[in-house]
Amino acid sequence: MTLRLSTVILPVHRWHEGGRERWQRAEELGFHTAYTYDHLSWRSFRDRTWFGALPTLTAAATATGRLRLGTLVTSPNFRHPVTLAKELISLDDISGGRITLGIGAGGSGFDATALGQEAWTPRERADRFGEFVPLLDRLLTEDAVTQQGTHYSAVEARNIPGCVQRPRLPFAVAATGPRGLKLAARYGQAWVTTGDPKLYETGTPEQSVEALREQSKKLAAACEEVGRDASELDRILLTGFTPDRNAPMRSVDAFVDFAGRHAELGFTEIAVHAPIPDSDFAIDPAVYERIATEAPAQLA
């Protein structure tokens with residue numbers, strides 16, 4: 001299978017001051033999918049411009065015609081399955097069926113307390129994620145849903161006409177732990193990882209590859225447990241969070257080497273961040289464009 005190359009466009013640009021052009025350029029460059037983060041704010045951008053993911057994707061859907069679009073990732077931190085499902089069905093319709101929902105359990109960043117609640121423990125996040133994904137699956141595939149849960153409920157929630165994509169838009173489930181991997185195996189059309197966060201500061205690229213190999217094995221085991229063929233799931237690596245950091249984006253050759261090593265692990269899609277000056281993603285725009293246009297042929 002040809003390794004797909006996708007990009008992540010953070011929602012940091014005003015739409016009429018370069019925002020629209022970035023999404024259109026991603027389509028022109030031939031990226032498979034352009035994702036954006038679904039956060040209320042994020043790390044070093046907390047006191048900088050940051051727009052909402054779903055309105056941004058809606059605008060991107062009207063400004064493009066072929067490019068797939070998605071979140072990487074949405075989480076329960078400030079979302080509810082009932083309202084999210086309605087917005088996703090609308091977005092899938094507006095885009096003509098080009099939406100992928102990246103979804104994860106959420107973390108302990110700014111989103112975790114922005115609504116006034118205490119940050120959830122890892123166990124609480126896993127518990128909520130375990131309810132969130134199955135209920136969202138039902139809401140996107142059934143006309144009317146009633147379900148009573150510990151954390152999330154729906155009472156005669158109507159979602160007509162459903163998604164353009166059938167039976168629903170695809171889920172790309174971000175997970176590394178056993179409960180999340182089982183959700184990916186049961187409900188995902190793709191699995192997403194950023195690698196092992198414990199290796200980011202002091203690990204080596206070689207250790208990262210081995211950690212990703214182990215994660216892939218655990219995914220395969222989770223698939224076997226639920227009676228699913230692991231080859232049915234796409235495997236997406238979101239770059240920038242392994243010990244390599246931005247080194248693969250220094251040249252086309254460096255990226256091809258990085259991507260090739262990860263394709264050998266079974267990854268079917270690699271997502272790279274679009275350049276943002278004065279940030280962790282301050283890469284050379286010219287190299288980014290050369291990678292987009294030249295690397296795929298070398299990875300075929």
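Modeller: Gladly! A pocket is an open set of grid points where a 1.4 Å probe fits, with protein on both sides within 12 Å along at least five of seven lines. Rolling a probe the size of a water molecule over the atoms shows where empty space is left. Keep in mind that this is a predicted model.

Biologist: How much space lies in the largest pocket?

Modeller: The largest pocket holds about 1,700 Å³. It is lined by 49 residues, and those closest to its centre are Gly106, Gly107, Ala174, Thr194 and Pro197.

Biologist: Which helices and strands supply at least two residues of that lining?

Modeller: Look for β3 (68-74), α4 (122-141), α5 (178-187), β8 (190-193) and α6 (205-225). The biggest share comes from α4, with five residues. By residue type, the lining has 20 nonpolar, 19 polar and ten charged residues.

Biologist: And what is the volume of the second largest pocket?

Modeller: That one comes to about 220 Å³. Here α1 (15-28) and α8 (285-299) each give at least two lining residues, and α1 gives the most, with four. Among the lining residues are Ile9, Arg22, Ala26, Pro275 and Tyr288. Eight residues of this lining are nonpolar, four are charged and none is polar.

Biologist: Now for single residues. Is Thr7 buried or exposed?

Modeller: Residues under 20% relative accessible area are called buried. Thr7 has a relative accessible area of 0%, so Thr7 is buried. You will find Thr7 in strand β1 (residues 4-8).

Biologist: What does the side chain of Thr7 reach?

Modeller: It reaches the backbone oxygen of Val272, at 3.0 Å. Setting aside neighbours within four places in sequence, Thr7 also touches other residues, including Ala26, Phe31, His273 and Tyr288. Two of those names, Ala26 and Tyr288, also belong to the lining of the second largest pocket.

Biologist: Where is Val272 placed?

Modeller: Val272 sits in strand β10 (residues 269-273). With 1% relative accessibility, Val272 is buried. Beyond its neighbours within four places in sequence, its contacts include Leu5, Thr7, Met249, Phe255 and Tyr288.

Biologist: How far is Val272 from Glu142?

Modeller: Their C-alpha atoms are separated by 34 Å, and the two residues are 130 residues apart along the chain.

Notes. Residues numbered from 1 in each chain as written. Predicted model: local features only at pLDDT ≥ 70, side-chain atom pairs only at ≥ 80, totals over all residues. Heavy atoms only, no water. 1 Å grid on protein atoms, 1.4 Å probe; cavity = no way out; pocket = protein on both sides within 12 Å on 5 of 7 lines; lining within 4 Å. Points joined across faces, edges and corners; volume = space filled by probe spheres on them. Nonpolar A, V, L, I, M, F, W, Y, C, P; charged D, E, K, R; others polar. Buried < 20%, exposed > 50% of the residue type's maximum accessible area, 1.4 Å probe, protein only. Polar contact = N/O pair within 3.5 Å; in protein donor to acceptor, adjacent residues only side chain to side chain. Contact = heavy atoms within 4.5 Å.
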